[in-house]
Amino acid sequence: MSTETASVVIVGGGLEGSAAAWALGQRGITDVVVCERDTVGGGMTGKSSGIVRCHYGVGSLAAMAATGLEVFEKAEEIFGSDIGFRQTGYVVGVGEPNVENMRKSLAAQRAVGVQTEEIDAADVAGMWPTADLEPFAAFGWEERGGYGDAYQTAQAFAASARAAGIRIRQGTSVTGLLVDADRVTGVRLADGTTISADTVVVATGVWSRPFLAPHGVDVPIEVHREQIVMIHPGADLGDVPVFSDLVSLQYVRPDVRGEILFGNSDLAALDIADPDDYRNRADADFIDLTVDKVGTRFPGFADPAITTSYAGCYDVTPDWNPIISRGPLEGLVIAAGFSGHGFKISPAVGRLIADLVVDGRSSDPRIPESDFRFSRFAEDDLLTTRFPYVGAGEMR
Ligand SMILES: Cc1cc2nc3c(=O)[nH]c(=O)nc-3n(C[C@H](O)[C@H](O)[C@H](O)COP(=O)(O)OP(=O)(O)OC[C@H]3O[C@@H](n4cnc5c(N)ncnc54)[C@H](O)[C@@H]3O)c2cc1C
């Protein structure tokens, strides 16, 4: 059987694997093969809500989101195409118990370069006149936030990498790593051929745990099903910003044809799923929850109607933050466990992966690679927010 060689093999051509290829290409590393068993962005990336905000109480994540935003804003210049980024603004509303931590978080975000401020209920009412804002005690605002299209973004990363000379192999399933003693030396493909490589990046999202387990690497990633419901409000809402409601734990954002995308941000009840066999539409009780949450928060919708629903899966780690790390085998980089918030940070993820491949460390002092190390779980030194919100600590 034939053997190919490459400097770097990336397993998985989702958003993160494609971002890694793009960033390696930007650094002039082009002896790279991306092996995607299906098509670029055809995994969970295609299900992303694509919300873009820098509102994180983990400094490195806020900085990564700020980096991502800069890339999205300059997408036309960088990629030569519209990647679907819509800069509607982002508003987050909290109740009384979370006001102090929200203010501290906003200040910490500004310290790493995020443009964010507190606004009052009248400002929000001007943007979202159909909302009931009574239960909120404070609001954060990011004028530069909004939402993007993760699928289009993955395509743009891959196209840019391909233009740099990187091989994007779709329909190419990797069956396992080639390992010599404790060193990864390449990958084996489903057709029996191999690709030898100095470094293998595993960016297989929700499929990462079973992929790495045969090699004695247990990535603590659970797969959770997440349901999304699309609603037509019955009248034109105008240019509404993304709204993250941390009182009733929901998020909504505009979509095409005047629709609103609804997601539940109450992560207390988890729906453990098989990523190859899960129900790809909302359950009846989730529809009830949607009607209740949206109906309560947006009583001003003229004639709301559910138009469709679907579901995707999150690859969730114990601290709801990703693993972007060298090791535990030599020559291996893991980039998985994005826990439902890997879109906005993807350009920075790509750059961090490229840094780890080339230099072994991050080139951005705001984003220490140690934050995302694989060993933090075994060390019981989790990456958690400095400013947790009651009832909504994850992803923030
Ligand atoms: C419902 C939902 C809503 C979300 N909303 C947001 C949001 O609002 N904002 C935000 O920032 N993030 C959001 N996210 C998260 C973000 O979209 C994901 O973190 C990101 O898209 C995951 O990209 P990935 O490359 O890690 O995974 P994937 O896109 O799943 O890519 C992994 C790829 O690996 C391939 N693969 C697997 N095994 C193999 C193998 N053995 N050989 C070859 N290829 C293989 C798969 O085919 C797949 O294409 C959301 C996610 C979901 C599911």
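Two strands are taken to pair if DSSP finds at least two bridges between them, and strands themselves are DSSP runs of E of at least two residues, just as helices are runs of H or I of at least four, numbered from the N terminus. With that in place, Val92 stands opposite Gly140 in strand 6.

Colleagues, a word on the basis of these remarks. This is a predicted model, in which local features need pLDDT of at least 70 and side-chain atom pairs count only at pLDDT 80 or more, while totals for chains, interfaces and linings use all residues. Residues are numbered from 1 along each chain as its sequence is written, and side-chain values use heavy atoms, with hydrogens and water left out.

Let me begin with strand 6. Strand 4, residues 90–94, is joined to strand 6 by five bridges, and the two run antiparallel. Strand 5, residues 117–119, also runs antiparallel to strand 6, with three bridges between them. Gly140 of strand 6 has Glu118 opposite as well as Val92.

How many of the residues of strand 6 are buried? Buried here means under 20% relative accessible area, with exposed over 50% and partly exposed in between, using a 1.4 Å probe and protein chains only. Five of the five residues, 138–142, are buried, so strand 6 is largely enclosed by the rest of the structure. Both of its faces are covered: Ala138, Gly140 and Glu142 lie on one side, Phe139 and Trp141 on the other.

I turn now to the aromatic residues. Rings of Phe, Tyr and Trp (for Trp, the six-membered ring) pair if their centres lie within 6.5 Å; planes under 30 degrees apart are stacked, over 60 edge-to-face, and the rest tilted. This rule gives twelve aromatic pairs. One of them is the tilted pair of Trp22 and Phe79, at 5.7 Å centre to centre and 45° between the planes. It links distant parts of the chain, since Trp22 belongs to helix 1 (residues 15–26) and Phe79 to helix 3 (residues 75–79), 57 residues apart. Trp22 is buried at 2% relative accessibility, and Phe79 is buried at 15%.

Phe136 and Phe139 have ring centres 5.2 Å apart and planes at 45°, so this pair is tilted. Phe136 and Phe139 are both buried.

Finally, charges over rings. The criterion is NZ of Lys or CZ of Arg within 6 Å of the ring centre and within 35 degrees of the ring normal. The charged end of Arg37 sits over the ring of Trp207, 4.7 Å from its centre. Arg53 places its charged end over the ring of Tyr56, 4.4 Å from the centre.
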